[in-house]
Amino acid sequence: MALHKDVEAILNKQLIKEFDAEIVYLGMYVHFEKELFKGFAAWFLKQAGEERVHALKIVNYMLDRGGSPELPALTAPKVDYSAPLDAFRAALGHERTNTSGIYECLAKAQKANDPATVEFLQWFVKEQVEEEKWASEYAQMVERIKGSVGGMYQFDHRLEKAAKGE
Ligand code: FEO
């Protein structure tokens, strides 16, 4: 069955959010590389890659359903943050925005009586729990150590390992 127009529209709206998160995280990667926080940089580069995977999952699903994915124009991201905490808080904001977007997609798919899209979105529902978890925990940790250069470099080292899956 063809994708309902409302479902197609909301999935296209979510695509903007996923691609936006990708480019925002790339901006954080550039920022932290310049600031020599190599671990934070590696973490956000990894997250940018994950956001692209999310976006492509939606693109491919829409294509599978005969829909028309719309690829958004790039909006230049911020590449300078006054402190690491600003970036981590911004990341949490993006994750919350993406979660709300997924819930809106789900509500629209349910309303359109589209069980395939409801099923498809379950992966994102679970993924967003994980995404909000790291974003919230890391923002709290950076808040806690914000006055300590040593603490910041220690956490940077930890995220370097986390980015490698260690
Ligand atoms: Fe794709 Fe982190 O939301």
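H2 passes H5 in a left-handed crossing. This is a predicted model, so read what follows as a description of that model. The two helices, H2 at residues 38-64 and H5 at residues 149-163, pack at an angle of about 35°, and their axes are 7 Å apart.

Who takes part in that contact? On the H2 side there are Lys38, Gly39, Phe40, Ala42, Trp43 and Lys46. On the H5 side they meet Met152, Phe155, Asp156, Leu159, Glu160, Ala162 and Ala163. By class, the residues of this contact divide into 8 nonpolar, 1 polar and 4 charged. For the spacing within such lists, recall that an α-helix has 3.6 residues a turn, so residues three or four places apart point the same way.

Staying with H2, take Gly49, which lies in that helix.

Next, H3. This helix covers residues 84-111. It has 28 residues, and the distance from its first C-alpha to its last is 41 Å, close to the 40 Å expected at 1.5 Å a residue. After H3 comes Asn113, with a positive phi near 55°.

Thr99 sits in H3. Why does Thr99 count as buried? Because its relative accessible area is 7%, and the cut-off for buried is under 20%. Leaving out residues up to four places away in sequence, Thr99 touches Gln128 and Glu132.

Now the whole chain. Its secondary structure comes to 5 helices and 0 strands, and from the N terminus the order reads α-α-α-α-α. Along the principal axes, the C-alpha atoms fill a box of roughly 55 × 25 × 25 Å.

How much of the chain is buried? Of its 166 residues, 45% count as buried. The chain exposes about 8800 Å², with carbon and sulfur atoms supplying 56% of that area.

Last, the contacts. Among those in the chain with a separation of 6 or more, 79% are accounted for by residues 24 or more positions apart.

Definitions and conventions: Residues are numbered from 1 along each chain as its sequence is written. This is a predicted model: local features need pLDDT of at least 70, side-chain atom pairs count only at pLDDT 80 or more; totals for chains, interfaces and linings use all residues. Side-chain values use heavy atoms; hydrogens and water are left out. Helices (H or I, at least four residues) and strands (E, at least two) are DSSP runs, numbered from the N terminus. Buried means under 20% relative accessible area, exposed over 50%, partly exposed in between (1.4 Å probe, protein chains only). Contact means heavy atoms within 4.5 Å. The expected span of a helix is 1.5 Å times one less than its number of residues. Axes are lines fitted to C-alpha atoms, for helices over the stretch in contact, and angles run from 0 to 180 degrees between N-to-C directions. A crossing is left-handed if the near helix is turned anticlockwise from the far one by less than a right angle, and right-handed if clockwise. Ala, Val, Leu, Ile, Met, Phe, Trp, Tyr, Cys and Pro count as nonpolar, Asp, Glu, Lys and Arg as charged, and the others, Gly among them, as polar. Accessible areas come from the Shrake-Rupley method with a 1.4 Å probe; for residues, only the protein chains shown count as cover.
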